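Colleague: I'm new to this one. Could you walk me through it, and tell me what stands behind the words you use?

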Amino acid sequence: MADDLVLYTNPQSRGRIARWMLEEIGQPYKTEVLDYASSMKAPAYLAINPMGKVPALRHGEAVVTETAAICAYLADAFPQAKLAPPPGDRLRAPYYRWMFFAAGPVEAATSNKALGFVVPPERERMIGYGSFAQVMNALEAAVSRGNYLVGDSFTAADVYVGSAIGFGMMFGTMEKRPAFEQYWQRISVRPAMARAKELDDAQTAELKKKAG
Ligand SMILES: N[C@@H](CCC(=O)N[C@@H](CS)C(=O)NCC(=O)O)C(=O)O
């Protein structure tokens, strides 16, 4: 149907972030679970995301990939959920700032850390994230400003940046600074987060059962 929302995902992936965002939005959506070894690289899915990666979101005819873009798209497509400052509002500045900061510098710094790659100090100027320590310090200041990243209400930036922090601490790619732990505790109590987790955990169990 014209306005159908479909989430292409795997329950053990960044798709968990997109699902959390969908649960925050509160609109009905369908889920298509893809398998890492097969359907994610099959022509039918490559036509949706040529990267062969999840998550992806279809909204009618529109397709959006990249988890941060999915969160931002949903917040704008469903403004009644009040998960983004309206276009033109000055709060769009911190909203964009932290969303892009997490999708760029944070993602690159934590991935490189996981691979054991350290930027040589003399090359920090040309690397967009500078150093891992600089990224962590900037992020710590951002989450220490108030309860949320943007103004005084929860937004899609908290879903995306918060997930980077929460999952990062869980997988050991993010430092467990007290400010990160306190921020994660504040935002991970959202009922939408609990619903998303329950759905993804159930799907994980189902996949494991199928695999034997
Ligand atoms: N930049 C993408 C990254 C997506 C990504 O790497 N997804 C992983 C799972 S978390 C994946 O689909 N990997 C499968 C593969 O590359 O074969 C985003 O933010 O959505």
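This is a predicted model: local features need pLDDT of at least 70, side-chain atom pairs count only at pLDDT 80 or more; totals for chains, interfaces and linings use all residues.

Colleague: Which residues does E24 contact, leaving aside its neighbours within four places in sequence?

Modeller: By that cut-off, E24 is in contact with A81, L83, F154, V159, R190 and A192, once neighbours within four places in sequence are set aside. As for its place, E24 sits in helix α1, which spans residues 15-25.

Colleague: Why is E24 called buried?

Modeller: Buried means under 20% relative accessible area. E24 has 14%, so it counts as buried.

Colleague: And what makes the pair E24 and R190 a polar contact?

Modeller: The cut-off for such a pair of N or O atoms is 3.5 Å. The side chains of E24 and R190 make their polar contact at 2.8 Å, within that limit.

Colleague: On to the sheet. What is the order of its strands?

Modeller: The order is β2-β1-β3-β4, in an open sheet of four strands with mixed pairing.

Colleague: Why are β2 and β4 called edge strands?

Modeller: Each of them, β2 (30-33) and β4 (62-65), pairs on one side only. From one strand to the next, the twist averages 20 degrees.

Colleague: How do you know that β1 and β3 pair?

Modeller: Pairing needs at least two bridges. Four bridges join β1 (residues 5-9) to β3 (residues 56-59), so they qualify, and the two run antiparallel. One example is L7, whose bridge partner in β3 is L57.

Colleague: What lies across β1, β3 and β4?

Modeller: That's helix α3, residues 67-77, running at about 135 degrees to β4.

Colleague: Is A56 buried or exposed?

Modeller: A56, which belongs to strand β3, is at 0% relative accessibility; the limit is under 20%, so A56 is buried. Beyond residues up to four places away in sequence, A56 touches V6, L7, Y8, Y45, I48, V64, T65 and I70.

Colleague: Last topic, the ligand. Which residues surround the ligand?

Modeller: Among them are S13, R14, Y36, K41, K53, E66 and T67. On E66, a side-chain N or O atom is 2.6 Å from a ligand nitrogen.

Colleague: How much of the ligand's accessible area does the protein cover?

Modeller: The protein covers 77% of the 510 Å² that the ligand has on its own.

Definitions and conventions. Residues are numbered from 1 along each chain as its sequence is written. Side-chain values use heavy atoms; hydrogens and water are left out. Axes are lines fitted to C-alpha atoms, for helices over the stretch in contact, and angles run from 0 to 180 degrees between N-to-C directions. Contact means heavy atoms within 4.5 Å. Buried means under 20% relative accessible area, exposed over 50%, partly exposed in between (1.4 Å probe, protein chains only). A residue is near a molecule or strand if one of its heavy atoms lies within 4 Å of it. A polar contact is a pair of N or O atoms within 3.5 Å; within protein, one must be able to donate a hydrogen and the other to accept it, and residues adjacent in sequence count only if both atoms are side-chain atoms. Accessible areas come from the Shrake-Rupley method with a 1.4 Å probe; for residues, only the protein chains shown count as cover.
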